Amino acid sequence: MGKVIVITGASSGIGEATAKLLAKQGNPVVLAARREQRLQEIVKDIEAAGGQAAYQATDVTDRKQVQALADFTIRKFGKIDVWMNNAGLMPQSTFDQLKVDEWDRMVDVNIKGVLYGIAAALPVMRKQQSGQFINLSSVAGHVVHAGSGVYAGTKFAVRAISDGLRQEEAAAGSHIRVTVISPGAVATELPNTITDPATKKNVDAFYAEDAIAADRIAEAVAYAIAAPEDTSINEILIRPTKQIV
Ligand SMILES: NC(=O)c1ccc[n+]([C@@H]2O[C@H](COP(=O)([O-])OP(=O)(O)OC[C@H]3O[C@@H](n4cnc5c(N)ncnc54)[C@H](OP(=O)(O)O)[C@@H]3O)[C@@H](O)[C@H]2O)c1
């Protein structure tokens with residue numbers, strides 16, 4: 001058996017592309033997101049292509065559901081080799097619009113969802129004395145623009161959390177690896193989470209011009225997973241060639 005890989009936010013975009021590529025490479029994949037029908041269809045596609053996959057409807061803002069995803073994976077495949085915290089949303093707007101519900105949502109999904117994933121998978125990996133977290137940050141985890149303060153804040157947080165975890169696991173000698181993937185513009189459904197019309201227009205225009213395919217990010221994830229166990233690819237920052245910042 002290949003590596004057992006759990007992917008949150010696997011119903012579209014980067015998560016879907018990564019699930020399909022890793023399954024094609026012979027790894028059993030467990031897909032999680034809220035849209036169950038999408039997950040069902042993707043699992044069918046993977047199986048039709050000869051891969052092994054399962055899904056569990058999961059809202060990453062609910063710790064119990066994230067724990068249930070880990071339990072389901074252990075029951076189904078007996079181990080968790082890789083846990084990819086990928087679920088995220090990007091409803092960008094300026095602070096003066098006070099879209100506080102959207103700030104809450106970004107904190108809940110982009111930060112707390114990642115923490116719940118760590119809480120669910122870390123004890124399993126500690127017991128195995130092996131495992132890898134793949135956490136999705138962003139170019140926005142490195143650079144802030146007007147209108148992206150909260151989103152960038154969540155993505156800076158993912159990098160901080162990831163490096164804290166990496167250092168602790170290195171000190172503990174647990175053999176657990178931590179990888180941050182920080183993409184620039186990737187053609188996915190992500191801009192659809194923007195509700196401010198002016199921001200949406202700008203982001204859509206920028207994505208139409210610059211965005212690269214989600215497959216590129218899937219390939220970067222596959223590279224980080226394939227590195228020898230004594231080597232930890234800590235971050236991959238990956239932009240469209242045309243993207244300036
Ligand atoms: N596209 C880019 O340009 C870009 C750049 C940098 C970083 N990223 C990061 O890449 C990650 C994947 O995004 P994407 O670009 O592939 O966008 P996407 O196509 O919109 O995918 C987002 C995924 O997250 C899931 N999701 C949202 N809320 C969730 C929740 N509460 N519980 C579980 N799943 C949830 C969605 O599924 P359901 O709606 O079915 O739950 C969907 O599968 C995100 O963390 C994003 O911030 C993307």
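Why does Asn110 count as buried? Asn110 counts as buried because its relative accessibility is 1%, where buried means under 20% relative accessible area, exposed over 50% and partly exposed in between, computed with a 1.4 Å probe on protein chains only. The model is a predicted one, in which local features need pLDDT of at least 70 and side-chain atom pairs count only at pLDDT 80 or more, while totals for chains, interfaces and linings use all residues. Residues are numbered from 1 along each chain as its sequence is written, and side-chain values use heavy atoms, with hydrogens and water left out.

Asn110 belongs to helix 4; helices (H or I, at least four residues) and strands (E, at least two) are DSSP runs numbered from the N terminus. The Asn110 side chain comes within 2.9 Å of the backbone oxygen of Leu89. This is a polar contact, that is, a pair of N or O atoms within 3.5 Å; within protein, one must be able to donate a hydrogen and the other to accept it, and residues adjacent in sequence count only if both atoms are side-chain atoms.

Leu98, in the loop between strand 4 (82-85) and helix 4, has a phi near 50°, a positive value in a residue other than glycine. With a relative accessible area of 59%, Leu98 is exposed. Gln129, in the loop between helix 4 and strand 5, has a positive phi of about 60° and is not a glycine either. Gln129 counts as partly exposed at 36% relative accessibility. Most residues other than glycine have a negative phi.

Helix 4 (100-128) and helix 5 (149-172) each supply at least two residues to the lining of the largest cavity. A cavity is a set of points on a 1 Å grid over the protein atoms alone where a 1.4 Å probe fits but cannot get out; a pocket is an open set with protein on both sides within 12 Å along at least five of seven lines, and lining residues have an atom within 4 Å of a point. The search of the whole structure finds 1 cavity of 30 Å³ or more. The largest cavity has a volume of about 50 Å³, a volume being the space filled by probe spheres set on the points, which are joined across faces, edges and corners. Its lining includes Trp103, Met106 and Tyr151, and helix 5 gives the largest share, 3 residues.

Tyr151 is also among the closest of the 31 residues that surround the ligand, together with Ile14, Arg34, Thr188 and Tyr207; a residue is near a molecule if one of its heavy atoms lies within 4 Å of it. An N or O atom in the Tyr151 side chain is 2.7 Å from an oxygen atom of the ligand. Backbone atoms take part as well: a polar one of Ile14 is 2.8 Å from a ligand oxygen, and an N or O atom of the Leu190 backbone lies 3.3 Å from a ligand oxygen.

The second largest pocket holds about 180 Å³ of space. Helix 5 and strand 6 are the elements that give two or more residues to its lining. Strand 6 (residues 176-183) pairs with strand 7 in the parallel sense over 4 bridges, where pairing requires at least two DSSP bridges. Pro183 has Ile238 of strand 7 as its bridge partner.
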